[in-house]
Amino acid sequence: STAGFTDANAFGFSAGASGIENVNALQKAIDKGGTIVVSQPGLYKIASTLYIGSHTALILVKAFL
């Protein structure tokens with residue numbers, strides 16, 4: 001976490017990970033609450049439902065393909 005932001009990539013959220021691995025990593029970041037950022041551009045697999053609670057924001061970096 002830096003200045004109120006939590007980087008999902010620090011939890012293992014990765015363009016190279018499987019959909020299940022990414023769901024588990026991103027959910028751990030989301031569960032911390034606050035503002036979650038995905039700082040690394042790429043295509044990320046998601047293989048299940050993510051639950052985002054109140055007072056939580058998810059910010060994705062725009063990737064230029």
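The legends below describe close-up views of a predicted model.

**Figure 1. Overall make-up of the chain.** The predicted model holds 1 helix and 3 strands, and these follow one another along the sequence in the pattern β-α-β-β. The chain has 65 residues, of which 26% are buried. Its accessible surface is about 4300 Å², and carbon and sulfur atoms contribute 58% of that area. Among the contacts in the chain with a separation of 6 or more, 49% are between residues 24 or more positions apart.

**Figure 2. The three-stranded sheet.** The 3 strands form an open sheet in the order β1-β2-β3, and the pairing is parallel. Strands β1 (5–7) and β3 (56–60) are the edge strands, each pairing on one side only. On average, neighbouring strands of the sheet are turned by 25 degrees against each other, with direction ignored. Between β1 and β2, which run parallel, there are 3 bridges. Strand β2 (residues 34–38) is joined to β3 by 5 bridges, and this pair also runs parallel.

**Figure 3. Bridge partners across the sheet.** Thr6 has Ile36 in β2 as its bridge partner. Ile36 in turn has a bridge partner in β3, namely Leu58. A further link to β3 is made by Val38, whose bridge partner there is Leu60.

**Figure 4. Helix α1 against the sheet.** Helix α1 covers residues 19–31 and lies across β1, β2 and β3. The angle at which α1 runs to β2 is about 150 degrees. Together, β1, α1 and β2 make a β-α-β unit, which is right-handed.

**Figure 5. Surroundings of Phe11.** Phe11 sits in the loop between β1 and α1. Its relative accessibility is 31%, so Phe11 counts as partly exposed. With neighbours within four places in sequence left aside, the residues in contact with Phe11 are Thr6, Ala25, Lys28, Ala29 and Lys32. The C-alpha atoms of Phe11 and Asn24 are 8.9 Å apart in space, while the two residues are 13 residues apart in sequence.

**Figure 6. The aromatic pair Phe13 and Tyr44.** The count of aromatic pairs comes to 1. It is formed by Phe13 and Tyr44, which are stacked at 4.5 Å centre to centre, with 5 degrees between the planes. The pair links distant parts of the chain, as Phe13 is in the loop between β1 and α1, Tyr44 is in the loop between β2 and β3, and the two are 31 residues apart. Phe13 counts as buried because its relative accessibility is 5%, below the cut-off of 20%.

Figure 7. Residues up to four places away in sequence not being counted, Asn9 touches Val38, Ser39, Gln40 and Tyr44. Tyr44, touched here by Asn9, is the residue that stacks with Phe13.

Figure 8. Not counting residues up to four places away in sequence, Ile59 touches Phe5, Thr35, Ile36, Val37 and Val38. Phe5 and Ile59 are 54 residues apart in sequence, and their C-alpha atoms are 9.8 Å apart in space.

**Figure 9. Backbone at His55.** His55 is found in the loop between β2 and β3. Most residues other than glycine have a negative phi. His55 is not a glycine, yet its phi is positive, at about 60 degrees. The relative accessible area of His55 is 78%, so this residue is exposed.

Conventions
Residues are numbered from 1 along each chain as its sequence is written. This is a predicted model: local features need pLDDT of at least 70, side-chain atom pairs count only at pLDDT 80 or more; totals for chains, interfaces and linings use all residues. Side-chain values use heavy atoms; hydrogens and water are left out. Two strands pair if DSSP finds at least two bridges between them. Helices (H or I, at least four residues) and strands (E, at least two) are DSSP runs, numbered from the N terminus. Axes are lines fitted to C-alpha atoms, for helices over the stretch in contact, and angles run from 0 to 180 degrees between N-to-C directions. Contact means heavy atoms within 4.5 Å. Buried means under 20% relative accessible area, exposed over 50%, partly exposed in between (1.4 Å probe, protein chains only). A crossover is right-handed if, with the strands pointing away from the viewer, the path from the first strand over the helix to the second runs clockwise. Accessible areas come from the Shrake-Rupley method with a 1.4 Å probe; for residues, only the protein chains shown count as cover. Rings of Phe, Tyr and Trp (its six-membered ring) pair if their centres lie within 6.5 Å; planes under 30 degrees apart count as stacked, over 60 as edge-to-face and the rest as tilted.
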